[in-house]
Amino acid sequence: MLTAAVLLPLAGALAAWIVPDNRLRPLVLPAVAVPHFLLTLALMVWTPPPSPQGWIFLDPLGKIVLLCISTLFLVCAVYAVGYLAYRRDRSNRVLCMGLLACLSAMTLVTSSQHLGLLWVAVETTTVTMAPLIYFNRNARSIEATWKYLLICSVGIALALLGLFFLAYATLVAHRDATLLLGPILASARELNPGWLHASFIFMLVGFGSKMGIAPLHSWKPDAYGEAPGLVGALLAGGLVNCAFLAILRVYQISLASGGEYLFFQKALLTMGLISMGLAAVFMARQADFKRMLAYSSVEHVGILAVALGLGKGALFGALFHLLNNGLTKGVLFLSSGNIHRSFNSKSTEVVRGALARLPWSAGLFLAGFIAITGSPPFSPFVSEFSIVSSAFVEGRYLVGGLFLFFLAVIFIGMALTVLPLVMGEPPADAERTDYRDRLLTVGPPLALLGMILMLGVWLPEPLLRLLGEGAALLEATP
């Protein structure tokens with residue numbers, strides 16, 4: 001079943017390449033996304049045994065990430081059918097193939113128990129997503145694509161060097177060199193501390209650059225700003241979560257090694273707070289509302305890093321926030337894509353009074369802003385509250401105080417951009433386009449908004465249990 005979840009999108013990518021019609025090809029996306037989502041739900045209930053060599057196994061951490069990715073991809077696949085109907089001016093073959101190939105790679109990331117295979121899968125997501133950022137084929141999109149490829153590839157190369165150091169640490173400990181997670185966790189206390197320390201640094205920097213945590217975030221504003229809305233949603237809610245899962249694997253090893261986890265936690269706390277602070281600075285009066293969402297992503301990877309650095313009670317909140325952030329970013333990116341298509345501009349100087357022109361899309365964008373800034377009754381409020389309350393319970397008052405301060409500044413900064421964008425009347429000289437809100441472009445983000453509203457007031461028992469099991473894997477006594 002897990003193999004089918006990996007191979008099905010590859011078969012869909014082949015089908016997308018074969019289908020000649022630009023109008024029919026987008027239908028391949030939901031045709032693959034629906035069975036992939038059903039397979040994902042089945043995997044939440046029944047866990048296949050590990051592969052014979054132990055390279056493939058879906059543990060609770062992988063299940064949480066896979067659930068977020070598959071849900072978000074299903075929604076984006078339905079949205080793509082409506083979106084691409086407005087973009088018949090260019091071929092969508094590469095876009096459809098890239099999305100499906102990336103889904104296969106992301107599914108492999110969630111089930112990889114061999115760190116080398118995990119690295120290959122993460123790098124594959126980088127390569128398959130790059131042509132999609134260039135979909136608009138202009139000077140700014142090619143610049144964004146090259147910046148994304150350069151920074152992420154350098155980061156992934158550093159992560160590979162960290163994996164080499166980790167493997168060498170097993171040799172120095174007179175054990176068989178391996179990158180299988182189980183044997184490494186079992187013998188982590190015996191590994192050479194110096195090489196282990198070096199591997200943690202390189203993997204944190206490497207996977208952190210793919211995650212987009214400050215100061216390794218510089219590819220995000222350009223890539224998110226130039227990519228189509230549905231690609232931005234998968235970047236923020238899919239690829240970021242895959243990179244965070246790689247960080248979680250490193251965190252598991254640091255816990256098992258003993259004292260090394262304290263260094264790792266301090267590094268995560270520092271980088272997380274820097275990310276939140278940087279986002280707070282650049283969020284205010286942002287002239288491009290899609291770049292604003294990129295800095296929002298920097299903020300939320302910072303929140304994830306802070307939660308992981310706090311440990312203990314914040315771990316449940318971190319895993320829940322991983323899910324909440326992915327779904328909420330889907331609302332924001334898909335609705336912002338609609339607004340962009342209607343005004344043919346991302347500039348906040350041009351886009352004004354979007355509610356008057358696009359009541360559904362602008363309303364969803366406004367609701368997404370309220371949700372992503374941690375306001376009740378949406379689920380990001382619950383996860384962020386659990387993280388900050390854990391900081392105060394553990395006596396980390398400075399961390400908790402800075403966390404709340406940055407959240408307040410970011411709320412004000414986003415409001416200064418979002419409220420003028422959606423309120424009032426559109427400028428008289430604003431460009432008129434043929435885009436109108438339709439079911440296929442409004443229904444998907446509306447469904448995501450319904451999910452985060454539901455999770456804000458009621459957490460289903462199976463999901464609650466899954467989050468608890470995932471947090472337990474990160475709470476092992478070192």
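## Helices H12 and H16

His300, Ile303, Ala307 and Leu310 of H12 meet Glu384, Ile387 and Ala391 of H16. By class, this contact between H12 and H16 has 5 nonpolar, 1 polar and 1 charged residues. The model is a predicted one.

H12 covers residues 289-310 and H16 covers residues 379-393; their axes come within 10 Å and cross at roughly 40°. The crossing of H12 past H16 is left-handed.

## Helices H13 and H19

A second pair is formed by H13 (residues 314-343) and H19 (residues 461-473), whose axes come within 9 Å and cross at roughly 125°. H13 is therefore oblique to H19. Their crossing is right-handed.

On the H13 side, the contact is made by Leu315, Phe316, Leu319, Phe320 and Leu323. H19 contributes Leu463, Leu464, Leu467, Gly468, Gly470 and Ala471. The contact of H13 with H19 has 9 nonpolar and 2 polar residues, and no charged ones.

## Helix H1

H1 runs over residues 2-18, which is 17 residues. From its first C-alpha to its last it reaches 25 Å, close to the 24 Å expected at 1.5 Å a residue.

The buried residues in H1 are Leu2, Ala5, Val6, Pro9, Gly12, Ala13 and Ala16. An α-helix has 3.6 residues a turn, so residues three or four places apart point the same way.

How values were computed: Residues are numbered from 1 along each chain as its sequence is written. This is a predicted model: local features need pLDDT of at least 70, side-chain atom pairs count only at pLDDT 80 or more; totals for chains, interfaces and linings use all residues. Side-chain values use heavy atoms; hydrogens and water are left out. Helices (H or I, at least four residues) and strands (E, at least two) are DSSP runs, numbered from the N terminus. The expected span of a helix is 1.5 Å times one less than its number of residues. Buried means under 20% relative accessible area, exposed over 50%, partly exposed in between (1.4 Å probe, protein chains only). Axes are lines fitted to C-alpha atoms, for helices over the stretch in contact, and angles run from 0 to 180 degrees between N-to-C directions. Angles under 35 degrees count as roughly parallel, over 145 as roughly antiparallel, 65 to 115 as roughly perpendicular and the rest as oblique. A crossing is left-handed if the near helix is turned anticlockwise from the far one by less than a right angle, and right-handed if clockwise. Contact means heavy atoms within 4.5 Å. Ala, Val, Leu, Ile, Met, Phe, Trp, Tyr, Cys and Pro count as nonpolar, Asp, Glu, Lys and Arg as charged, and the others, Gly among them, as polar.
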